[in-house]
Amino acid sequence: MKILRLLSLAALIAMPATAQVNVPFERICASSKEPGNWLTHHGDYAGHRYSALDQITPTNIASLKTAWIYQSREAGKWEVTPLVVDGVMYLTERPNAITALDCKTGRPLWNYTRPMADAVGCCGPVNRGLAILGDALYMNTFDCHLVCIDANTGKERWDTVVADYRPGYSMTGAPLAVKDKILVGISGGEFGIRGFLDAYDAKTGAHAWRFWTVPAKGEPGNETWGAGNAWTNGATATWATGTYDPALNLVYWGTGNPGPDYNGDTRPGDNLYSCCVVALDPDSGKLRWHFQYTPHDVHDWDSCEIPLLIDANIDGQPRKLLAQANRNAFFYVLDRASGEFITGKAFAKQTWASGLDAKGRPILISGKEPTANGVLVYPGLEGSANWPAPAYSPRTGLFYVQTQDDYSQVYYKHKSDYNPGNNYEGGGARNVLGEEPYGAVKAIEATTGTVKWEFKEQSSSNAGVLATASGLIFSGTHDGYFYALNAATGEPLWRFQTGGTIHGAPVTFLVDGKQYFAIAAGAGLFAFAL
Amino acid sequence: MPLSLRRALFFLVCAVATSTLMAQDHAAAASATPAKPAIVTEDSENFDELEQGRRLFERNCASCHGLNGEGAKGPTLAQPSLPRASNYESLLRIITGGINGTEMPSAHLERKDIELVAKYVKSLSLRPHLHLAIPGDAVRGEQIYAKKGGCAQCHMLHGQGGFFGPDLSDVGSRRSPEYLRRSLVDPSADVPQSYTPWRSEISLPENFLYVRLVTRDGQELAGVRVNEDTFSIQIRQANGSIRSFFKSELAELHKDFGKSPMPSYATALATNELDDLVAFLSSLHLEK
């Protein structure tokens, strides 16, 4: 009898253990083996947003229809990419909330809401998503906390302060879980903050390391900010989530604009490591290499766009590549082991550089810096591409990205004094009367930068892109359509008008063996299935 | 009513200010006042501050409001009280945030510069009346609007009239007399457009746009764009009806940017009649 009791107790202990959420690092590294889930912000460490699921095809997509809609309690831009783990979807909601949904019905399972301080940011209290590691979820809050939440229950485990929000720091991006650490970036590039990338112990929340994106006096790179103290307000935020190569053990993270945005007079030099991609050792935070896309930027062309990690042949040789469609209108291909520039090409109309030199440095056209009276430059400040996550399909070899084209603005500058917590931009940009820039998903050959096709949208979109093995591309428009294209040709195959602007990124997953798609649009999270 | 006249009545308020410089030139020519006028202040100690404000105003505001606040594409600011900004605080709020649904953008300026601009704009109310006297007779102008001009066919006044063209109920608050005169003589000179810096949420198109289209079954249609998205377009025809098409249903879609279907009134009305009509339009305010 005693043995029986012990056995049943053992069964009781064993049963919930198998049902508990458990996403160890090794499982994330092998995420491509379980396409029914969406385990990281970008779907995998490489940033591909590519799914091997192929139940929905160009042939049957006409029958795709809404399965359920979840309504957020908060209206406003909803920029989230959900995570999906074993039938449960984890969402962030504005401003500091997490909700777990049953993927089959869209019904909430739990909610965690953290009160928010009165923080400021350039673009509203948005949140783009979560990281999961083990049985815990990690969220950056707009007022600069990193919180660890039990993924089973929604209960808070720890809460650590990443930065003081009062001088203008904020946090909007999804964390990245690597090994036993949680890596987080910060926003505030319009407020004269000094940027950094931080790592925290996933179990305890203890601070592990900090990589300052603006080097201090005496550190290599500080000399690129002039002799004064401009570096102390050099901005260079880290607000979009990076990627990771487990084989090279390198994290890749895009950095933002230098501050003040439009007036470079006080910061002569290249302003390292602004507008860069930095390759860091995730164990130590040490810089292995950097590549600067836009030295001494004066147009607010952050380089936070997602650095995609692609393995492909260049000149017949297999290479480990990093590809990025930059806000400055150029598409770049780098060697991600060394940071060496391989090739680059403009993918949208630009008037500021005549090209890139052999090392990838832009060859500037004179007279394109902002002036007191304004200078017209293509592209405008939002850039030819921006933070909306692109996708890459190894089947087509194409990099799919939301772009903005025929887009200019008049840039002007003025003197700016730094006041903590206030905008520190040194100028601005205005639209050009009568222009209607257009948005487009462009399919760019990942190894050459050649644009193969574009699908035009009425205006630029902040929707992310998703590619599937069945030859489909999913994205959304500013005017509310969630749609699918033929991945090879760009031909539109299916659309659904959600009624809300799409700022989120689509994901796909399985529920009871059936393929679903989901995307946030307006204040709704829409799920689709056959 | 002939089609040409009906079209003529469309878009009384217009222009293609292809550059802000051009708009400045128009404003300067229209006002016939010095390019850099003396500052008028009741407090001489504020002179430097007002001079700084004037420079900021020239750079950021004058392209629409005229170098001296006499008005052009944007309303006259050199008047005793501003309809939308009755006090200093509301003026600060408007300069900071812009006015939704209008061409007035938010200023990309620091707080202290916004304050300097606001003080300068307040000082404009102390100016002698800057723009040229309106020679016409508003009462006669109202008759021309209703009868010979046929304006009400396309334009709305306080809930009465057509809706093919813009509502003119408060056009006197929004446009200077010289601007209105130019719009009657050369309707395509400035089709209203927006400075909206962020195309933020789902919205109506920012620019007034005349559209011509041909359907796949050969129908030819024209009208004002009411809305457009990636896959569809909605237009209002001259008879007021709304037509909606998926773009896949269209063989041709022409967007006449910078053009107005309203032909010139330069010869349709005599000079004194134009003066009267301008006087009437200038008298139109929401408070009426």
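This is a predicted model: local features need pLDDT of at least 70, side-chain atom pairs count only at pLDDT 80 or more; totals for chains, interfaces and linings use all residues.
Residues are numbered from 1 along each chain as its sequence is written, while chains are lettered from A and ligands numbered from 1 in the order in which they are written.

Let's start in chain A, where 4 strands make an open, antiparallel sheet in the order 11-12-13-14. Strands here are DSSP runs of E, at least two residues, and helices are runs of H or I, at least four, numbered from the N terminus; two strands pair if DSSP finds at least two bridges between them. Strand 11 (176-178) and strand 14 (207-212) of chain A sit at the edges. Inside the sheet, 5 bridges tie strand 12 (residues 181-185) of chain A to strand 13 (residues 196-201) of chain A, and A:V184 faces A:D198 of strand 13.

Now for A:I182. Beyond its neighbours within four places in sequence, its contacts (C-beta atoms, placed from the backbone, within 7 Å) include A:L133, A:Y138 and A:A199.

Over in chain B, the axes of helix 3 (residues 47-60) and helix 6 (residues 111-124) come within 8 Å and cross at roughly 95°. Axes are lines fitted to C-alpha atoms, for helices over the stretch in contact, with angles from 0 to 180 degrees between N-to-C directions. Among the contact residues are B:L56 and B:F57 of helix 3 and B:L116 and B:Y120 of helix 6.

Terms used
Two residues are in contact if their C-beta atoms, placed from the backbone, lie within 7 Å.
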